[in-house]
Amino acid sequence: MPLPTRLGSLGGCGTEAALAQADRELLTLEPAKRKDNSTGFEGVSPSTHPTSGVVSFSCRLPQEMRGGKRINGDRIGTYTTAAEAALFLARAKVRARAEV
């Protein structure tokens, strides 16, 4: 799986490991659809800690419609690299599909 070009310097030491793990689990890490998504992955957002300046990456399941209302997706967690967040998001999507 090629590393998204927009990931750039945001990738940390866990990036290659997360990409390799996704390949082992036969998971697809969704590339970002919007050009302004600096992480390179759909559903993954960067955040910078206000005092330390440390950048982390969070992910959440996509919004969905329930009973005619738009429901925000569940937050999955916060991770060291964008690829790790994308990996956990891909796993959560597989679990969510299995529960339907």
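Student: Which residues have the most contacts inside the largest nonpolar core, and how many residues does this core have?

Tutor: In this predicted model, the largest nonpolar core has 19 residues. Those with the most contacts inside it are Leu29, Phe41, Val44, Cys59, Ala85 and Leu87. H1, S2 and H2 each supply at least two residues of this core, and H2 gives the most, with eight residues.

Student: What makes a set of residues a nonpolar core?

Tutor: Its members must be buried residues of the nonpolar types Ala, Val, Leu, Ile, Met, Phe, Trp, Tyr and Cys, joined through side-chain atoms within 4.5 Å. Leu87 and Ala85 are among the residues with the most contacts inside the largest core, and both are listed as buried residues of H2.

Student: With which residues is valine 44 in contact, leaving aside its neighbours within four places in sequence?

Tutor: Valine 44 is in contact with Asn37, Thr39, Phe57, Ser58, Cys59, Ala82, Ala85 and Ala86. The cut-off for a contact is heavy atoms within 4.5 Å.

Student: Which residues of H2 are buried, and what covers them?

Tutor: The buried residues of H2 are Ala82, Ala83, Ala85, Ala86, Leu87, Leu89, Ala90, Ala92 and Lys93. Their cover includes helix H1 (14-24) and strands S1 (44-48), S2 (55-60) and S5 (75-79).

Student: How do you know that the reach of H2 is close to the one expected?

Tutor: The expected span is 1.5 Å times one less than the number of residues. Helix H2, residues 82-99, has 18 residues, and 26 Å is expected. From its first C-alpha to its last, H2 reaches 26 Å, close to that expected value.

Student: Why is leucine 26 called exposed?

Tutor: Exposed means over 50% relative accessible area. Leucine 26 has 75% relative accessibility, so it counts as exposed. Leucine 26 is placed in the loop between H1 and S1. Its phi is near 60°, a positive value in a residue other than glycine.

Student: Why is asparagine 72 exposed?

Tutor: The cut-off is again over 50%. Asparagine 72 has a relative accessible area of 52%, and is therefore exposed. Asparagine 72 is found in the loop between strand S4 (69-71) and S5. Leaving aside its neighbours within four places in sequence, asparagine 72 is in contact with Arg60 and Gln63. The C-alpha atoms of asparagine 72 and arginine 60 are separated by 8.7 Å, and the two residues are 12 residues apart along the chain.

Student: Why is valine 55 called partly exposed?

Tutor: Valine 55 has a relative accessible area of 35%, so it is partly exposed. Valine 55 lies in strand S2. Beyond its neighbours within four places in sequence, valine 55 is in contact with Pro46, Ser47, Thr48 and Thr80. Its C-alpha atom and that of tyrosine 79, 24 residues apart along the chain, are separated by 9.4 Å.

Student: How do you know that alanine 20 is partly exposed?

Tutor: Buried would need under 20%, and exposed over 50%. Alanine 20 has 30% relative accessibility, so it counts as partly exposed. Alanine 20 is in helix H1. The C-alpha atoms of alanine 20 and leucine 87 are separated by 10.0 Å, with the two residues 67 residues apart along the chain.

Student: What lines the largest pocket, and which element gives the largest share?

Tutor: The lining has 20 residues, of which Glu42, Gly43, Val44, Ser45 and Arg60 lie nearest the centre of the pocket. S1, S2 and H2 each supply at least two residues of the lining, and the largest share, three residues, comes from S2. By type, the lining divides into five nonpolar, seven polar and eight charged residues. About 470 Å³ of space lies in this pocket.

Student: What pattern does the protein chain follow along the sequence?

Tutor: The pattern is α-β-β-β-β-β-α, from two helices and five strands. Of the 100 residues of the chain, 33% count as buried. Among contacts with a separation of 6 or more, 45% are between residues 24 or more positions apart.

Definitions and conventions
Residues are numbered from 1 along each chain as its sequence is written. This is a predicted model: local features need pLDDT of at least 70, side-chain atom pairs count only at pLDDT 80 or more; totals for chains, interfaces and linings use all residues. Side-chain values use heavy atoms; hydrogens and water are left out. Helices (H or I, at least four residues) and strands (E, at least two) are DSSP runs, numbered from the N terminus. Buried means under 20% relative accessible area, exposed over 50%, partly exposed in between (1.4 Å probe, protein chains only). On a 1 Å grid over the protein atoms alone, a cavity is a set of points where a 1.4 Å probe fits but cannot get out, and a pocket is an open set with protein on both sides within 12 Å along at least five of seven lines; lining residues have an atom within 4 Å of a point. Grid points are joined across faces, edges and corners, and a volume is the space filled by probe spheres set on the points. Ala, Val, Leu, Ile, Met, Phe, Trp, Tyr, Cys and Pro count as nonpolar, Asp, Glu, Lys and Arg as charged, and the others, Gly among them, as polar.
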